[in-house]
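Here are my notes after a read through the model, point by point. Have it open alongside and tell me where you disagree.

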Amino acid sequence: MSYLRFEKAVMTNLEESIRRELLRTNRSGAYSCSTIVDCNTRKYHGLLVVPVPELDDENHVLLSSLDATVVQHGAEFNLGLHKYQGNNYSPKGHKYIREFDCDKVPTTLYRVGGVLLKKEVVFQHYEDRILIRYTLVDAHSATTLRFRPFLAFRSVRQFTHENSTASREYHEVENGIKTCMYAGYPDLYMQFSKKNEFIFRPDWYRGVEYPKEQERGYASNEDLYVPGYFEMPIKKGESIVFAASTSPSKTTTLKKLFDEEVDDRVPRDNFYHCLVTAAHQFHFRDRRSGTMEKIDKKDDRYLLAGYPWFKARARDTFISLPGLTLAIDEQDYFEFVMKTAEKGLREFMQGKPLSGKIYEMDQPDVPLWAVWAIQQYTKQAGKEHGYKMYGKLVNDIVKYIMAGGHPNLRLDDNGLLYANGRDKAITWMNSTANGRPVVPRSGYIVEFNALWYNALKFAAAQNAEFGDKKLADKLEKKAEIAKQSFVDTFLNEYGYLLDYVDGPMMDWSVRPNMIFAVAFDYSPLNQEQKKSVLDVCTRELLTPKGLRSLSPKSGGYNPMYVGPQTQRDYAYHQGTAWPWLGGFYMEACLKLYKRTRLSFLERQMVGYEEEMDYHALGTISELFDGNPPFHGRGAMAFAMNVAEILRALKLLEKYTYQK
C-alpha cells in the first residue's frame, strides 16, 4: 500500500482533491506545481516555472498546464481541469481519474471507457525541464492522444491577459515546436519522444480563475494563450514522453532520461522519506559555470526559505541548515551552504556589498543563528573538526558583536544585547502593516540574548580546548554577567520570560520566543526556571502543529490566518502556530525530561505526519491556524518547519536508543 495514494472517491471530489497541492523542483530555482488534479489554484502554479534573470529576480510561469485528450471513434475525452469565473470547472477531466499515487513519482491513472491511461511526472534535476510520461495501459480500439499547451509567459506575481503584443510565431523543432510570447523571455521547447502533428490553432482561454488568490484578497483571474495542439496515435502498452524546457531536448533519449530521473528519486513511502525529499526541494544552486550539465564546486549553494514565493533569507538559512542537512546525514551540503553563507556574513561584517543571493543579512540576530548552526555541526562532526572548520568564524562573529560592529546590536554593561525594532521589524516576527511592525519587538529581546549567552559559552568552550585560552576566559566572564542579567531582566514572578524589555516597556505577552532559552545547549536558566518556562509553553502555546506565536490568554490573540493581506498581516504572529518552534519545544522537553517524555513527543509528531497527505503532499506548510482544526496556511512548503521536524526526529531517535 502506497504511503501517498488517493482513490477515485477522493480525486473526483473537488472539495477534497483541489486543496491538495504537489510541488516538484529542480534544485536550480525552477519548479513545477499544481493540485493533484492538475487544476491550478494559485498564480504561482504552473507546469514549468523558471527564473529569468535577464528580466528580474522572480520566477516566471512559461507553461501553465498541458491538457491531454483521449480520442476514440471520433469522440474526445478531455482530461484537463480549469476553474473559470462563476465557480465553473471545465472540462472536468478529474471525473476520469481512477487513482493517484505519489510514492516515487506522481502518477495518475485515468479510465475512459475501455481506455486506461497512466501519467507520470518528473522535474529533471538541475535542468529547466519537466518530463511527463503517458502510457496506454489498456485500450480496445485505435486511440489517439491530443495535447493542448496553455501558455502564460509572465511573472509569478502578475497575470497575463489577452493582448495583441503576444507573439503567435512558432518554429518546428525535432518532434515538436518552440515558441516565445514576449521579448526577453527564453524560447519554450515542447517536444515528444514520438513523431506527431502540430495543428496551429491559436486562441485565448479567458477568465481562468485562481481561488487561492481570491482567499488572499488579490486579483484572481487571467487569460491563457493556447497556440494549438499536438496529436499522435498510441498503441496499447506504448509510452510517450513529453518534455517542456527552455533548451532543446534530444527526443530519442527522452524515455531513457525519464527512467534515469525516476531511478534517482527516493520513495516517499513513510514520514521520514517524505521529509528528506522535502528537504532536498529547498536546495538551490546558483550556476557560476553558466551550464547545467555538471555540478561545479564553485557554484554558490543556498537554502530557499520556502515555496512558492520565498527566496534565500539569512535567518531562515541558519535555522534550517542543521535540520535540512545534518539531520539526514548530509554534512557535505551543510559545508557547501555554509561556505556561501560565510562569504555573505563576512562581506556584511566588513561593510562590503553582498555578492551572493542571501537576503536580509543585516537582521541583528543573523550572526547569532550562524553560531548556533555551527554549534550543531560541531556536535555531529566532532569538536576538533568543528573548530578547524568554523572556529575562526565563530570568534570573529563574537568579537564583531562585542566591538559594536553591528549597526543594530549594542552590547550594554549588563552583558545583554540591545536592538532597536520600534520602527522596523528586526526579528523573525517580521509582519508589517502600514509600514510599521505589527509586533514592534525592541530593546532587550529574549531570543537575541538567549542566542548571545549560548554563543559566548560555545565560543569559550571551543577556545578553552583548541584555541585562545585568554579569549576563553574573557568570554566566560562576559557570559556570567549576561547570565545574571538575563534572569533579572526577563524572568517574571509568574515563571515565564518577558518577550522583550525596552526601558520601562516590558512585554508580558506569553510568546514562544522564551523556548530557546530552554532548548539551547547553554542556558542562563537553572533547571527549575527551565521547567517553569516549559510548563507555560505547554499549557498556553502548544498545539498539534507547533507552538502558537501568542497565548490565547494574551491581548490581541488572533489565531486565524485568513482574509485580505492586511487582515493576515495582523494575524501572522498573533496566535498562529509554527511547527519549527515545535522542534525547539521538543528539544527542550528531551533535555529536561529525557526518556520520560518520549511517548508524549511521539504523539506530538503525529500532528506533523498528518500533513503529509493533507495540504502540499510530503511537506509542511508555512504556518497553521492557532485554533482547531489547525488548518495549514501561507506558503505550501517552509524550510524551517521541515528542518526542525527532521532535527527533532533525530533527537527522538537518539533518546529512544540511549542506554
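Before the sheets come up, one convention: two strands count as paired if DSSP finds at least two bridges between them. Bear in mind, too, that this is a predicted model.

1. **The three-stranded sheet.** With that convention in hand, take the open sheet ordered S27-S28-S29, where the pairing is antiparallel. Its edge strands are S27 (444-445) and S29 (505-506), and each of them pairs on one side only. Strand S28, residues 500-502, is held to S29 by two bridges in the antiparallel sense.

2. **The nine-stranded sheet.** Which order do the strands of the nine-stranded open sheet follow? Reading across, you get S1-S9-S10-S11-S12-S19-S16-S15-S14, again with antiparallel pairing. Strand S1 (5-7) and S14 are at the edges with a single partner strand each, so one side of each has no neighbour in the sheet. From one strand to the next the twist averages 15°.

3. Strand S1 runs antiparallel to S9 (residues 97-101), and three bridges join the two. Here the pair to look for is Arg5, which stands opposite Asp101 in S9.

4. Glu172 faces Ile177 of S15 across the pairing. The hairpin made by S14 and S15 has two residues between the strands, and Asn175 there has a positive phi near 55°.

5. **H6 against H17.** As a reminder, a packed helix pair is described by the angle between the axes and the distance between them. For H6 (residues 314-325) and H17 (residues 639-656), the angle is about 35° and the axes are 7 Å apart. The crossing of H6 past H17 is left-handed. On the H6 side the contact involves Asp316, Ile319, Ser320, Pro322, Gly323 and Leu324; these meet Ala639, Met640, Val642, Ala643, Glu644, Leu646 and Arg647 of H17. By type, the residues of this contact split into eight nonpolar, two polar and three charged.

6. How far apart are the end C-alpha atoms of H9? In this 20-residue helix (383-402) they are only 24 Å apart, short of the 28 Å that a straight helix would reach at 1.5 Å a residue. Do look at Tyr390, where a kink of about 65° in H9 is centred. Just after H9 comes Gly404, with a positive phi of about 75°.

7. **Cis prolines.** Two spots to check here. The Ser90 to Pro91 peptide bond is cis, with omega near 5°, and Pro91 is in the loop between S8 (88-90) and S9. Tyr307 and Pro308 are also joined by a cis peptide bond, with omega about 10°. Pro308 belongs to the loop between S22 (306-307) and H6.

8. **A positive phi off glycine.** Last one: Asp38 is not a glycine, yet it has a positive phi of about 60°. You'll find Asp38 in the loop between S3 (31-35) and S4 (46-51).

Methods. Residues are numbered from 1 along each chain as its sequence is written. This is a predicted model: local features need pLDDT of at least 70, side-chain atom pairs count only at pLDDT 80 or more; totals for chains, interfaces and linings use all residues. Side-chain values use heavy atoms; hydrogens and water are left out. Helices (H or I, at least four residues) and strands (E, at least two) are DSSP runs, numbered from the N terminus. The expected span of a helix is 1.5 Å times one less than its number of residues. The bend at a residue is the angle between axes fitted to the seven residues ending there and the seven starting there. Axes are lines fitted to C-alpha atoms, for helices over the stretch in contact, and angles run from 0 to 180 degrees between N-to-C directions. A crossing is left-handed if the near helix is turned anticlockwise from the far one by less than a right angle, and right-handed if clockwise. Contact means heavy atoms within 4.5 Å. Ala, Val, Leu, Ile, Met, Phe, Trp, Tyr, Cys and Pro count as nonpolar, Asp, Glu, Lys and Arg as charged, and the others, Gly among them, as polar.
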